[in-house]
Amino acid sequence: MDCPILVWMLFTNREMTKEEYAKCHAVLRECVPHAPVRNSPTEPETMRQMVAFLLPLLMMRHRRVPRARWRDNITTMHHITDDNPVAAASRARSMIGYHTSYDHNLVGMAMTQGRREDVVNIGIGIKEISAPPGMSGQDFAISLYHKLTPVEQSFINPSQGEEVVMRRLCLILALKQAYIKAIGQPMGFDWSRLEFNIPEKTATGDGRPLAGWEFRVWTSQLGWPIPGESGHHMQNYQCAVAFFRRTRDTKFIWQNDAKELESWVQFITLDQLLNVADKLVE
């Protein structure tokens with residue numbers, strides 16, 4: 001099946017003002033009333049949650065589809081249907097499957113369009129390539145060993161150096177997160193049931209090959225100016241998309257070329273969302 005994948009990545013390069021937060025929360029309550037996001041402007045986490053729920057609205061506006069013409073079918077896998085009164089067969093081909101994810105200052109949404117059975121299994125994983133404050137990369141990796149198989153643990157041996165450990169750890173975690181979201185499982189799912197053998201380019205679940213799955217992997221480097229200085233504060237994120245294409249094999253796509261990445265991954269900022277927030281209800 002030839003369903004193109006599109007990804008939107010929103011960089012929250014700053015916090016919202018109280019007025020901006022109130023405006024976005026009002027849009028959320030009107031358009032996504034089921035969203036479990038508290039109205040708490042002092043909690044940065046709620047802002048990221050809110051942005052994740054607003055991204056599908058922004059995407060549909062970008063596609064020039066009026067809000068009254070579509071509805072979001074929220075289940076374990078998200079999909080959007082076009083409510084234009086056309087034949088049932090035509091509607092079945094116009095569904096959009098999507099999933100969102102976020103980590104620290106990066107919020108992402110992966111989507112595809114096609115028949116319902118072809119679009120529901122898509123997921124996105126995002127992991128900042130950084131250990132929590134006050135913890136070394138090696139200690140952070142060890143604290144997450146319970147999410148890894150012995151084979152995966154061998155790839156992030158502390159002797160390989162902190163940079164290599166963090167990069168490989170976040171790659172494995174982003175892939176697992178993307179797959180878990182794509183199959184509609186909660187984050188409480190036992191991550192150690194999955195194994196991504198990166199050198200061999202294989203993926204298994206409960207010891208069985210994940211046949212039919214396509215995994216796309218890329219790194220996002222984002223930053224913003226440091227006040228009073230000439231430099232920038234940089235953040236690196238490991239990103240992955242998992243999509244079930246119903247093929248016989250498992251496919252990995254390592255997206256290293258910036259121009260190729262731009263053909264299906266779009267980067268936007270918080271200000272671009274805020275500039276049209278009032279119009280998302282239309």
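**A helix, a bend and a pocket**

Start with helix H2, residues 44–62. At 1.5 Å a residue, its 19 residues should span 27 Å, and the end C-alpha atoms lie 26 Å apart, so the two values agree. The expected span is 1.5 Å times one less than the number of residues. This is a predicted model, and every value here is computed from it.

Now follow H2 along its length. At Leu54 the helix bends by about 30 degrees. A proline follows within four residues of that bend: Pro56. Just past the end of H2 comes Arg64, where phi is positive, at about 60 degrees.

Step back to the whole protein. It holds 9 helices and 13 strands. The protein has 282 residues, and 48% of them count as buried. Here, buried means under 20% relative accessible area. Next, consider contacts between residues with a separation of 6 or more. Of these, 66% join residues 24 or more positions apart.

What lines it? The lining has 14 residues. Those nearest the centre of the pocket are Arg167, Leu171, Ile198, Gln238 and Trp254. Two elements each give two or more residues to this lining: helix H7 (162–182) and strand E10 (213–225). H7 supplies the largest share, 4 residues. Sorted by class, the lining of this pocket has 8 nonpolar residues, 4 polar ones and 2 charged ones.

Key
Residues are numbered from 1 along each chain as its sequence is written. This is a predicted model: local features need pLDDT of at least 70, side-chain atom pairs count only at pLDDT 80 or more; totals for chains, interfaces and linings use all residues. Side-chain values use heavy atoms; hydrogens and water are left out. On a 1 Å grid over the protein atoms alone, a cavity is a set of points where a 1.4 Å probe fits but cannot get out, and a pocket is an open set with protein on both sides within 12 Å along at least five of seven lines; lining residues have an atom within 4 Å of a point. Ala, Val, Leu, Ile, Met, Phe, Trp, Tyr, Cys and Pro count as nonpolar, Asp, Glu, Lys and Arg as charged, and the others, Gly among them, as polar. The bend at a residue is the angle between axes fitted to the seven residues ending there and the seven starting there. Buried means under 20% relative accessible area, exposed over 50%, partly exposed in between (1.4 Å probe, protein chains only). Contact means heavy atoms within 4.5 Å.
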